[in-house]
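Have the picture open while you read.

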Amino acid sequence: MTLLRNIRQVIVPAVLNSYSVVFFFNNRLTGLLLLGVTFLNFFAGLSGLLAVLTTVILVRIMGFNEYNLKQGIYSFNSMLVGIGLGTFFEPSLVLLVLLLLATLFSLFFSVILSGWLGKYNLPFLSIPFVVSFWIILIPSSHFANLGLTQRNVYWMNEMYSIGGKQLLDLFQTVDNLHLSRIVTVYLRSLSSIFFQDNLLTGILIFLAILLSSR
């Protein structure tokens with residue numbers, strides 16, 4: 001019962017808020033919608049979720065501030081790191097090790113910045129993500145058995161493997177909508193936050209924000 005209560009009261013809010021806090025919300029429904037959006041690039045979404053779960057479990061074990069944990073403050077940078085690595089690289093044991101290392105580094109950097117900048121009432125935003133991601137990305141060409149993925153080049157195959165012809169047709173229909181350039185750029189910018197580049201993702205993120213915004 002204690003474990004189930006822990007999962008319901010701490011781990012689930014921490015995971016979902018890791019996604020919603022990226023847009024400065026503390027809303028589990030928004031987090032759930034955004035979590036689903038990341039899985040439109042399946043392996044990237046899976047890598048992001050693994051990074052979040054790893055961070056949440058580590059924070060719980062190490063006894064860091066529970067309020068920050070439940071708000072997703074410690075884990076949203078890890079989520080971005082996970083999605084980024086899952087977007088650029090093929091699944092492998094090497095990638096899994098690098099993902100765990102980057103997640104650990106992002107967590108400790110978040111804790112350090114939270115304590116340091118918190119004294120001045122300043123947020124650390126996505127600094128841990130930027131630093132952690134580039135520490136892994138810059139020397140990545142020297143890692144054996146770590147290959148760049150081709151999934152983003154052949155994205156139609158990716159969409160077909162996830163949702164079949166129906167999802168592929170939906171993606172193509174939405175991407176071919178005749179929208180103004182400003183709207184198109186805005187929606188694609190939203191999708192790029194999760195390392196994607198399509199209108200459907202942008203629309204789903206916009207709807208999630210709209211549902212949560214005052």
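Helices here are DSSP runs of H or I with at least four residues, numbered from the N terminus. Leucine 96 has its place in one of them, helix H6. What you see is a predicted model, where local features need pLDDT of at least 70 and side-chain atom pairs need 80 or more, while totals for chains, interfaces and linings use all residues. Residues are counted from 1 along each chain as its sequence is written, and side-chain values use heavy atoms, leaving out hydrogens and water.

Now for two packed pairs. The axes are lines fitted to C-alpha atoms over the stretch in contact, with angles from 0 to 180 degrees between N-to-C directions.

| Pair | Angle | Axis distance |
|---|---|---|
| H5 (residues 76-88) and H7 (residues 127-137) | about 30° | 8 Å |
| H3 (residues 42-62) and H5 | about 150° | 7 Å |

Which residues of H5 and H7 make the contact? With contact meaning heavy atoms within 4.5 Å, H5 brings Asn77, Leu80, Val81, Gly84, Leu85 and Phe88, and H7 brings Ile127, Pro128, Phe129, Ser132, Phe133 and Ile136. Against H3, H5 uses another set, including Ser78, Met79 and Gly82, and H3 answers with residues such as Phe43, Ala44 and Ser47. By class, the H5–H7 contact has nine nonpolar, three polar and no charged residues. Nonpolar covers Ala, Val, Leu, Ile, Met, Phe, Trp, Tyr, Cys and Pro, charged Asp, Glu, Lys and Arg, and polar the others, Gly among them.

Technical notes: Helices (H or I, at least four residues) and strands (E, at least two) are DSSP runs, numbered from the N terminus.
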